[in-house]
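Me: I am new to this structure and would like to go through it step by step. Could you show it to me before we start?

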Amino acid sequence: MDAMNRKTGRSDSGAGPAREARDTDVIVVGAGPTGLLLAGDLAEAGLGVTLLERRPAEISNLTRALVVHARTLEQLDARGLADELIAGGHPLTGLRLFGRATIDPTRLRSRFPFVLVTPQFEVERLLERRARRAGVTFRHDSEVLGLDQDADGVTVRFRTAGGLGAVRAAYAVGTDGVRSTIREAIGLPFPGKSVIRSLVLADVRLAQEPDSPLMVNANGEAFALIASFGGGSYRVIGWNRHRQADDDAPADLDEIRELTRLALGSDYGMHDARWVSRFHSDERQVPTYRVGRVFLAGDAAHVHSPAGAMGMNTGLQDAANLSWKLAAVLQDQAPDSLLDSYQTERHPVGKQALRSSGALIRFALLPTGPGRAVRTLATQLVNRLRPLSHRAIRTISGIGIAYPAGPGAHPLAGRRAPDIRLAGGGRLYEILRQGRFVLITPAGEPGVPQAPTGGGDAPRPAGDRVVTASWRSPRRTALLVRPDGYIAWATDATAPAAALRGALARWTGAGDGTPIATALTPPAHAADTPAGR
């Protein structure tokens, strides 16, 4: 057995995980959107996945998320789910932040230039169906008690109605929410503070239909959001400066009506509340997303205010970043150290989400006359200055997120790849559904790996780790796109054969068995220049 770092449980040698005495490859704790996407990705890659969930199978999760942003829709498109989700939701081409400040998603260079209003349970429904089809083992009604890890794996202990149990895997991921048992089990703090208390949440019916499927406003006295679930049902989230109470204090329909009138000018004939509850919103983030063989993602790693609707979206993008790296390591295509790049890339993104949502909610709830005057001025600037509004929607939508590429890298490296149109009529995000790297080169470029069969300009396999394709346009840039839709490598050279072979070896091991690169360094940031088409 390799020498083990006692603090992290990680093998000092960097060797891959031992395969013996293992019940499954990865344990995922928490069957919310983040856990479901992660588990489905891993299972589709051919790995064994056990998903532990505290809730019984027949009890659905409490839906708080209501919005799916463009970058998340792109990730769902890469899994063949976006179009079905959109068909049952409400695409909006404008998003109001506060007062009259609006941001325009139609400016996004994306297949999804809108904000999709749809309840979280619809996202979970599609992701759970995919995970089950891929072979994920679900264990509902399983309360995690703790875990133990060593150089070779992780054992998660849990309790069910039938007694105590345990499951062992190479890695475990906690996606079990703000009160994460996995986070507590690995001893991580969750520093931060409450930013807004006495938020009220309700599902109601309305006598009058609002002007939009998503109505939101804040005026310093109150905040309210009304979103359509379809079929005449609506979710209401609100806050009233003059009615502050602890989470366990009762809330009722009259309170919801009052705060809605204060913020939106009408309660729309609200009636028949199915349930009403009170909660608070925190800003918190763990210092590290990895401890040994255990990872955190989604609300287990970071939570923030509902402003900007970035919570579920950030968690889903965490999962997309982590899943292909776990698969590469478990399939002996990369060393364990590749997994450290999850922290390098995603922790700064979580921090930015906290800052952005915190700034929005604080600005929206400014109580004083001078504060409201500043807010009015900011509203005018956002609406009138195109670069400012464009930056805002790229940040909130996730389209502007980029990862570090290291010194000397091409300007496109680390950036999100748009949905490039390919020769033969396909597009990039359809090819990404295979869960592999995609190499896009100019048509007829020398040095491109050729498939043993097939022909024409259609995408071709190059080994089992890369799919090759060509631009439909005459562009001469060559791109290597990661399974999560970010550009790993690019060149504008007219004949990049040698550089291309080196990039393939470094990132995928194609050709000479060299493992995937692990030199993913400095902190991520929100990029303002989209990758080229």
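Predicted model: local features only at pLDDT ≥ 70, side-chain atom pairs only at ≥ 80, totals over all residues.

Me: Which strands stand at the edges of the six-stranded open sheet?
Reply: The sheet has the order E8-E2-E1-E12-E19-E18, with mixed pairing. An edge strand has a single partner strand, so one side is left without a neighbour in the sheet. The edges are strand E8 (137–139) and strand E18 (290–291).

Me: Which residue is the bridge partner of Arg290 in E19?
Reply: E18 joins strand E19 (residues 294–296) through two bridges. The two strands run antiparallel. In E19, the partner of Arg290 is Phe295.

Me: Is Thr50 buried or exposed?
Reply: Thr50 sits in strand E2. Its contacts beyond four places in sequence are Thr24, Val26, Ile27, Val28, Thr137, Arg139 and Val167. The relative accessibility of Thr50 is 6%, and under 20% means buried. Therefore Thr50 counts as buried.

Me: How is the direction of H1 described relative to helix H7?
Reply: Two packed helices are described by the angle between their axes and the distance between the axes. H1 and helix H7 (residues 311–330) have their axes 8 Å apart, at an angle of about 25 degrees. Angles under 35 degrees count as roughly parallel. So H1 is, relative to H7, roughly parallel.

Me: How many nonpolar residues does the contact of H1 with H7 have?
Reply: H1 passes H7 in a right-handed crossing. From H1, the contact takes in Pro33, Thr34, Leu37, Leu38, Asp41 and Leu42. From H7, the residues include Met312, Leu316, Ala319 and Leu326. By class there are three polar residues and one charged, and the nonpolar ones number 11.

Me: Which residue of E11 is the bridge partner of Val154?
Reply: An open sheet of three strands has the order E9-E10-E11, with antiparallel pairing. Strand E9 (143–149) and strand E11 (163–169) are its edge strands, each pairing on one side only. Seven bridges link strand E10 (residues 154–160) to E11. The partner of Val154 in E11 is Ala169.

Me: Are the residues of strand E25 buried or exposed?
Reply: In a regular strand the side chains alternate between the two faces of the sheet. In E25 (residues 478–481), Ala478 and Leu480 are on one side, with Leu479 and Val481 on the other. Both faces are covered, and these four residues are all buried.

Me: Which residue takes a positive phi in the hairpin of E25 and E26?
Reply: This hairpin has five residues between the strands. The phi in question is near 85 degrees, and it belongs to Gly485.

Me: Is Ser198 buried or exposed?
Reply: Most residues other than glycine have a negative phi, and most peptide bonds are trans. Ser198 has a positive phi of about 60 degrees, although it is not a glycine. Ser198 lies in strand E13 (residues 192–206). Its relative accessible area is 1%, so Ser198 is buried.

Me: Is Asp272 buried or exposed?
Reply: Asp272 also is not a glycine, and its positive phi is about 50 degrees. Asp272 lies in strand E17 (residues 270–285). At 55% relative accessibility, Asp272 counts as exposed.

Me: How many Å apart in space are Tyr268 and Arg205, C-alpha to C-alpha?
Reply: Tyr268 is in the loop between helix H6 (253–264) and E17. At 10% relative accessibility, Tyr268 counts as buried. Among its contacts beyond four places in sequence are Leu206, Ala207 and Met215. Tyr268 and Arg205 are 63 residues apart in sequence, and their C-alpha distance is 9.2 Å.

Terms used: Residues numbered from 1 in each chain as written. Heavy atoms only, no water. Buried < 20%, exposed > 50% of the residue type's maximum accessible area, 1.4 Å probe, protein only. Pairing = 2+ DSSP bridges. Axes fitted to C-alpha atoms, helices over the stretch in contact; angles between N-to-C directions. Parallel < 35°, antiparallel > 145°, perpendicular 65-115°, else oblique. Left-handed = near helix turned anticlockwise from the far one by under 90°. Contact = heavy atoms within 4.5 Å. Nonpolar A, V, L, I, M, F, W, Y, C, P; charged D, E, K, R; others polar.
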